Amino acid sequence: MGCTMPAPPKNRLRTSLLILLWLGLSALAGWGSYHVARDYALDSLQVDGNHRLDLYTASLQREIDKYAFLPGVMALQPQVQSLLQVPDDAGLTLYVNRYLEALSQSAGTLSVYLLDHSGRVLAASNWQRADSFVGEDLSFRPYVQQALRQGYGRYFGIGTTRGEPGYYLTTPLGQGEQRGIAVVKVGLSLLEHSWAAAESPVFVSDENTVLMLSNVPQWRFTTLDVLDDAQRARLKSSLKYNQQALQPLNWKILDSSLQGNSAVQLVELPGGVDASPGYSSGQFLALSRTLAGSPWKMTVLLPLASALPLAQSRAWLTAVMVALGLMLLALLLQRRSHLREQLAARQALQQAHDALERQVQQRTAQLQSANTALQQEVAERMQAEVTLRAAQDELVQAGKLAVIGKLSTEVAHELNQPLAALRALAGNSQRFLERSQTDMVQSNLQRMADLSDRMGRITGQLRNFARRSLDMPQAVPLADVMEPALALMQPRMDRCGAEVVCDIPAQLRVLCDTNRVQQVLINLLGNALDAMLQQSTPRIEIGGEVKDGQAHISVRDHGPGLSEQALAHLFQPFFTTKLKGEGLGLGLSLSSDIAKASGGCLQGRNHPEGGAVFTLSLPLADTQPLL
């Protein structure tokens, strides 16, 4: 059963980057297509919106212009001019009231009335109604002040008497104190009714952003902006909008950079009453135009519900088409790349085969040459190792002879005493023979034999110590290794008066070359004696213990201890603290090498209570030596 090997990390990274690039290009194409389609849809909406604005603006202007002649008609009536001169004439007032009533009915206005120069109503078309404002003082109304100030007035507001919204056209009449003001109030409800059939919202806002006219009844007298307290107080004092709450229209501008227009979001209608569910909420394109000769602004809202989804659909379609195109292009490129790779692989395989044949031939020749050189190098290394080992043996042997040279005086002194005793005993034996005292002669001979054995042991120990080592580790009791070394050093220790305390367990067995380890011990004992030359009662303490799986032999003196310089260079060849001519500085270095060759080590330190301590570690008899 086979298994599929995972793709290398580099291939996975390359595939991930290509997928990201594919998605990015597809998304970029969709994004570009969306903006192109959206711009095209917005252009179409703007053309439609501008056309609607033209129609609505023309209808509003026509509705207002057809009443603009009425103040002029009133000025042509002689009774109107006469009433301004004689305002208290009851008959004249009745005539003018009836005239204004007939004029209003024939023109279709809300009301027509005449004011004197102080703003008091002299006559009105509604003179017979209970809410007639004949005799009222309207001087505070902005359209009255506007007519007195500018010579004419155009004003939209809500009447203070009946609360009826309308458009006021005012024109001054007469001259001087007989000057009056003709007022025509026009209702625009018919115009709003004509807009009700429109497919999209349309409204007219004034300089205070208050919606005066709209085909959505719930929007009337709402505000495009949120009014602050100061603005509300000013509008309330002017009574322009009477008691209207002037709540803000719940809309939000989404984008104000759509070719000079804005995209808006209608959240909900004020008051929660929805009389036009078709366009009471959603996203719209707002197109606005300022009406000529007034601060009014007409705005048409065109729903984006049909334009944006279409743009999104085109964007998705474009993204899918681009993604498929890129996939086909990738497959084509992959196929071509695969063919190129196959061709290149064939060529590379042939080149690799030819190169491999050449490399095999070259490598065979190199291996033959290297084999010859390696055999020669091995022979040279073996010869160098033999020479090095011989030099080491010679150096160790020289160290032994150096030790024997140091012991020669003590050995000679040790042999002189038995020799002198032998000579005296031999002379005494001759006299005892002359006297036929055979018992005494026999006693002298026995004593002479004992002295000869003693001299033989001393010379035998020297002979054994001077003998070359055979490099054959053996399992021996540590006490048997220590005893010959103490025997060789005994003459010198006796001469120095040194006290030696040796505590070596009898059962402690080590694996070592006895002759070489004795050389190390003799060197340590000699150094201990040298360190205590100035003391009257030198003392050497020798101990043995098992620690960390090895036998540890410690040799401690009671001298001044080791200096910092000596501790730093303790086992360095040719380093010595002795006087010139008294040592070569090779004793501790050779002793350290012997300890390492035996599978142990040699360490030196100062004892906390004074003096120096050297510790020789050796393998136990049941372990193998470290070679």
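**Entry 1: a pair around Arg120**

I began with Arg120, which is partly exposed at a relative accessible area of 31%. I keep in mind that this is a predicted model. The side chain of Arg120 meets that of Asp116 in a salt bridge, 3.7 Å from N to O. I then looked up the partner. Asp116 has 10% relative accessibility and counts as buried, because buried means under 20%.

**Entry 2: the salt bridges**

How many salt bridges does the count give? I noted 6. Side chains of opposite charge can pair when their charged atoms come close.

I turned next to Asp54 and Arg289. Their closest N and O atoms are 2.4 Å apart, in a salt bridge. This pair links distant parts of the chain. Asp54 sits in helix H1 (residues 9-65), Arg289 in strand E10 (residues 282-290), and 235 residues separate them. Asp54 is partly exposed, with a relative accessible area of 40%. Arg289 is partly exposed too, at 27% relative accessibility.

I found a salt bridge between Glu541 and Arg556, with the closest N and O atoms 3.5 Å apart. Glu541 belongs to strand E15 (residues 539-547) and Arg556 to strand E16 (residues 550-556), so the pair ties together parts 15 residues apart in sequence. Are these two residues buried or partly exposed? Glu541 is partly exposed at 24% relative accessibility. Arg556 is buried, with a relative accessible area of 8%. I also traced a network of salt bridges that links Glu499, Arg539, Glu541 and Arg556.

**Entry 3: an open sheet**

I followed a sheet next. Strands of a sheet pair through backbone hydrogen bonds, either parallel or antiparallel. Which order do the strands take here? I read E2-E1-E5-E4-E3, an open sheet of 5 strands with antiparallel pairing. Strand E2 (121-124) and strand E3 (153-158) are the edge strands, and each pairs on one side only. From one strand to the next, the twist averages 25°.

Strand E1 (residues 111-115) and strand E5 (residues 180-186) run antiparallel and are joined by 5 bridges. Leu115 stands opposite Ile181 in E5.

**Entry 4: helices on the sheet**

Which strands does helix H3 touch? Helix H3 (residues 78-85) packs on the sheet and touches E1, E2, strand E4 (165-173) and E5. The direction of H3 makes about 40° with that of E1. I closed with helix H4 (residues 90-107). Helix H4 lies across E1 and E2 and runs at about 50° to E2.

Technical notes:
Residues numbered from 1 in each chain as written. Predicted model: local features only at pLDDT ≥ 70, side-chain atom pairs only at ≥ 80, totals over all residues. Heavy atoms only, no water. Salt bridge = Lys/Arg side-chain N within 4 Å of Asp/Glu carboxyl O. Helix = DSSP H or I, 4+ residues; strand = E, 2+ residues; numbered from the N terminus. Buried < 20%, exposed > 50% of the residue type's maximum accessible area, 1.4 Å probe, protein only. Pairing = 2+ DSSP bridges. Axes fitted to C-alpha atoms, helices over the stretch in contact; angles between N-to-C directions. Contact = heavy atoms within 4.5 Å.
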